[in-house]
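User: I want to learn how to read helix packing in a model. Please take me through some cases.

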Amino acid sequence: MENGAPNNLFNEQATEEKGEMARLSSFIGAMAIADLVKTTLGPKGMDKILQSQSRGQEVTVTNDGATILKSIYVDNPAAKVLVDISKVQDDQVGDGTTSVVVLAGELLREAEKLVNMRLHPQTIIQGFREAMNCALKALEDLSVNHVDDKEKYREDMLKIARTTLSSKILTNDKEHFSQLAVDAVMRLKGSTNLDSIQMIKKTGGTLHESYLDEGFILDKKIGVGQPKRIENAKILVANTPMDTDKIKIYGARVRTEGMAQVGAIEQAEKEKMRKKVQKIIDHGINCFINRQLIYNFPEQLFTDAGVMAIEHADFDGIERLALVTGGEICSTFNNPEDAKLGECKLIEEIMIGEDKLIRFSGVALGEACTIILRGASTHILDEAERSLHDALCVLSQMATDSRVVYGGGCSEMVMSKAIEDLAKKTPGKRSLAMESFAKALRQIPAIIAENGGLDSTELISQLRAAHVEECCRHGIDILTGTVGDMTKLGISESFKVKKCVLSSATEATEMILRVDDIIKCAPRQREQ
């Protein structure tokens with residue numbers, strides 16, 4: 001006891017880090033996460049293999065920042081903040097997940113130097129906040145908007161798709177997939193809901209053999225002996241058990257006095273199922289799609305009635321199917337007049353590779369389409385799906401904000417220059433924080449260059465010299481290893497993605513900078 005107060009406030013196994021130690025721990029954890037994904041940035045970024053420790057020891061090969069950070073276990077609290085901002089970036093705009101973590105890491109690296117120079121964290125935060133506002137204004141001035149010109153707007157979308165895909169596994173076929181992505185998003189007519197775009201992965205063939213198919217494709221087979229093609233289909237989408245010809249009271253024991261009674265029970269069960277099937281057919285349908293299994297007896301009844309029955313359409317498939325055909329999922333069939341049936345012009349069986357699938361053409365939701373992905377292995381297909389999903393997300397966000405900025409590190413250099421100009425006019429220590437912010441922004445093109453095996457110091461020096469001139473649009477041309485004009489090279493990025501990267505990274509850095517105390521709870525004791 002000291003002055004009547006206890007020495008230790010916390011439980012004996014709880015730990016506390018204060019002041020410099022707490023801040024250092026936060027910086028180290030966050031920078032380690034940034035360094036982990038840094039090498040995946042840019043067109044020449046490398047991939048990571050993630051192997052789970054679960055029973056199947058599942059392997060994922062990816063360079064998607066959000067997927068990497070989602071899959072790893074992180075113990076450091078500051079590192080969790082960066083993992084969180086990459087998830088939010090993925091949910092909001094779909095791309096820029098690596099950039100946001102790398103920028104936050106670089107800002108913290110600069111902040112650490114300033115803290116060592118005895119600058120107060122609140123002064124650094126104030127300088128960073130002013131620098132961010134200046135950078136956003138410079139970014140807005142740099143952006144162009146062609147929403148009124150259809151041809152230029154489509155060209156902008158293609159450029160953004162190419163830039164997004166150039167850092168992914170699809171980089172060699174980016175022209176082909178850019179067209180696919182833009183065509184799919186154009187069908188949405190301004191919606192940001194990607195549910196009507198279905199992706200089906202089929203191994204075999206090459207990535208270039210992937211294609212876009214209008215309508216909806218379901219990865220299921222049509223029942224035995226049923227019609228393989230139906231025109232002007234009336235579809236009932238259901239989630240109901242179709243196996244009640246078996247006694248389902250688990251653990252029940254039925255004592256009978258002879259086989260005749262067993263036969264009577266089976267007959268009663270069959271009659272019950274026959275009535276249920278009749279209720280379904282009375283809806284005036286010619287196609288029945290069920291979430292659950294359809295057993296042999298009801299399948300036979302549907303075949304006799306000339307109704308196509310499709311079983312075990314998975315949850316994702318059946319939800320989308322109800323959406324695109326304009327129907328609703330039913331589970332009771334007593335009121336046919338209340339059921340909302342789906343409609344489509346044609347249902348037919350098609351072959352993709354070695355597999356049979358069902359195509360629904362002329363669906364009620366005109367924007368519905370399916371992208372068929374082909375590839376050599378499941379790992380390649382999974383990564384191709386993640387890459388294409390990023391491109392689709394970014395393109396669909398163009399409907400809400402159609403502004404475009406120049407890529408290849410051009411926008412970062414423009415923002416960096418604007419911040420340095422402001423820092424020269426700003427008195428006091430805040431100007432040091434602003435200069436550090438500008439330096440962190442320049443690290444993004446430097447990392448892109450380094451990942452391509454180029455001399456980043458030389459290229460950044462050339463870029464800074466080029467950007468002294470007003471209206472300079474130069475950035476790094478990673479293919480030739482030189483500085484090039486982004487307008488001629490057609491390297492563009494979405495304004496919304498860049499804006500989200502900038503604001504999220506700055507806010508996360510501020511949050512970590514404010515920390516001066518880390519308290520970890522005592523581990524929970526197991527009961528004896």
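User: Which elements do the buried residues of helix 14 pack against?

Analyst: This is a predicted model: local features need pLDDT of at least 70, side-chain atom pairs count only at pLDDT 80 or more, and totals for chains, interfaces and linings use all residues. Residues are numbered from 1 along each chain as its sequence is written, and side-chain values use heavy atoms, with hydrogens and water left out. Packing is read from contacts, meaning heavy atoms within 4.5 Å. Helices (H or I, at least four residues) and strands (E, at least two) are DSSP runs, numbered from the N terminus. The buried residues of helix 14 pack against helix 12 (410-425), helix 13 (430-451), strand 16 (474-477) and strand 17 (482-485).

User: Which residues of helix 14 are buried?

Analyst: Buried means under 20% relative accessible area, exposed over 50%, partly exposed in between (1.4 Å probe, protein chains only). In helix 14 (residues 456-466), the buried set is Ser-456, Leu-459, Ile-460, Leu-463 and Ala-466. They lie on the same side of helix 14, because they cover an arc of only 120° around the axis. That arc is taken from the directions from the helix axis to the C-beta atoms.

User: Why do residues three or four places apart point the same way?

Analyst: An α-helix has 3.6 residues a turn, so such residues point the same way. On the face of helix 14 turned away from its buried side sit the exposed residues Thr-457 and Ala-465.

User: How do I read two helices packing, say helix 6 and helix 11?

Analyst: Start with the axes: lines fitted to C-alpha atoms, for helices over the stretch in contact, with angles from 0 to 180 degrees between N-to-C directions. Helix 6 (residues 150-165) and helix 11 (residues 378-397) pack at about 145°, their axes 9 Å apart. Helix 6 brings Met-157, Ile-160, Ala-161, Thr-164 and Leu-165 to the contact; helix 11 brings Ser-387, Leu-388, Asp-390, Ala-391, Val-394 and Leu-395.

User: Where is Gly-96, and is it buried or exposed?

Analyst: Gly-96 sits in the loop between helix 3 (77-92) and helix 4 (97-116). Gly-96 is buried, at 9% relative accessible area. Leaving aside neighbours within four places in sequence, Gly-96 is in contact with Gln-89, Val-497 and Val-501. Gly-96 and Ser-494 are 398 residues apart in sequence, yet 10.0 Å apart in space, C-alpha to C-alpha.

User: What percentage of the chain's residues is buried?

Analyst: Of the 528 residues in the chain, 50% are buried. The chain has 16 helices and 19 strands.
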